[in-house]
Amino acid sequence: MLNKKGLAAKEREEEGLDVKYSDDPADLGNASGYDDFLQRLMQIFVSSIYFYTFCYKFNNEGWRNGTAISYILNQKNHLRIKLPTQFNTIGGYKILTWAILGIEGALGVLVWVPETRLICVGLGIVMHLMFELFLNAHLFSYIMISCLLLFIPSEVFRHMAAVLVLIHK
């Protein structure tokens, strides 16, 4: 936002203050407009939700030893449908527990690495679709999936729209 021209930039120049944040276009101060600035802030917020959740869960013994999911999946009022029998074992609970920890940790940190962003977002969407399928969490999964879409570049959506147009011709 410091790159904007106008009265504020002129006043900053006169006071000897920076009018250019940095040379990196990805820096928050170099957002091309208010919409981009707000999107980046929302991305930071969503990422911090996952990072905080990962840290909180990792400090809990049930999550570290892989049994935390067993408590939720054995409460009938939390379940929408029963888990397949392959995962309804101690080993299955450990795999699910650690998978959730890994995905949440990745969504807190690795989502900022351009090379891993789409993989992280894809895993997060799959995780939340599984929550929606098996757990009675109401709108939680849909809200979090919509938040994860903030990390997908607009070019991907444009490309998907173009493919859909070609398919329907």
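Trainee: In which helix does lysine 57 lie?

Mentor: The model is a predicted one. Within it, the element that holds lysine 57 is helix 2.

Trainee: Is lysine 57 buried or exposed?

Mentor: Residues under 20% relative accessible area count as buried. Lysine 57 has a relative accessible area of 15%, so this residue is buried.

Trainee: Which residues does lysine 57 touch, not counting residues up to four places away in sequence?

Mentor: The count leaves out residues up to four places away in sequence. With these set aside, lysine 57 touches Trp63, Ile100, Leu101 and Glu104.

Trainee: How many aromatic pairs does a search of the whole structure find, and are the rings of phenylalanine 54 and phenylalanine 58 stacked or edge-to-face?

Mentor: The search of the whole structure finds four aromatic pairs. For phenylalanine 54 and phenylalanine 58, the ring centres are 5.6 Å apart and the planes lie at 20°. Planes under 30 degrees apart count as stacked, so this pair is stacked.

Trainee: By about how much of the helix are phenylalanine 54 and phenylalanine 58 separated?

Mentor: Both residues belong to helix 2, which spans residues 34-58. Because they are four residues apart in that helix, their separation is about one helical turn.

Trainee: What is the geometry of the pair formed by tryptophan 112 and phenylalanine 151?

Mentor: The ring centres of tryptophan 112 and phenylalanine 151 are 5.5 Å apart. Their planes stand at 80°, so the pair is edge-to-face.

Trainee: How many residues apart in sequence are the parts that tryptophan 112 and phenylalanine 151 tie together?

Mentor: Tryptophan 112 lies in the loop between helix 5 (90-108) and helix 6 (114-134). Phenylalanine 151 lies in the loop between helix 7 (140-148) and helix 8 (154-167). The pair therefore ties together parts whose distance in sequence is 39 residues.

Trainee: Which helix supplies the largest share of the lining of the largest pocket?

Mentor: The largest pocket holds about 610 Å³ of space and is lined by 27 residues. Helix 2, helix 4 (68-73), helix 5, helix 6 and helix 7 each supply at least two residues of this lining. The largest share, seven residues, comes from helix 6.

Trainee: How many residues of the lining of the largest pocket are nonpolar?

Mentor: By class, the lining has two polar and two charged residues. The number of nonpolar residues is 23.

How values were computed: Residues are numbered from 1 along each chain as its sequence is written. This is a predicted model: local features need pLDDT of at least 70, side-chain atom pairs count only at pLDDT 80 or more; totals for chains, interfaces and linings use all residues. Side-chain values use heavy atoms; hydrogens and water are left out. Rings of Phe, Tyr and Trp (its six-membered ring) pair if their centres lie within 6.5 Å; planes under 30 degrees apart count as stacked, over 60 as edge-to-face and the rest as tilted. On a 1 Å grid over the protein atoms alone, a cavity is a set of points where a 1.4 Å probe fits but cannot get out, and a pocket is an open set with protein on both sides within 12 Å along at least five of seven lines; lining residues have an atom within 4 Å of a point. Grid points are joined across faces, edges and corners, and a volume is the space filled by probe spheres set on the points. Ala, Val, Leu, Ile, Met, Phe, Trp, Tyr, Cys and Pro count as nonpolar, Asp, Glu, Lys and Arg as charged, and the others, Gly among them, as polar. Buried means under 20% relative accessible area, exposed over 50%, partly exposed in between (1.4 Å probe, protein chains only). Contact means heavy atoms within 4.5 Å.
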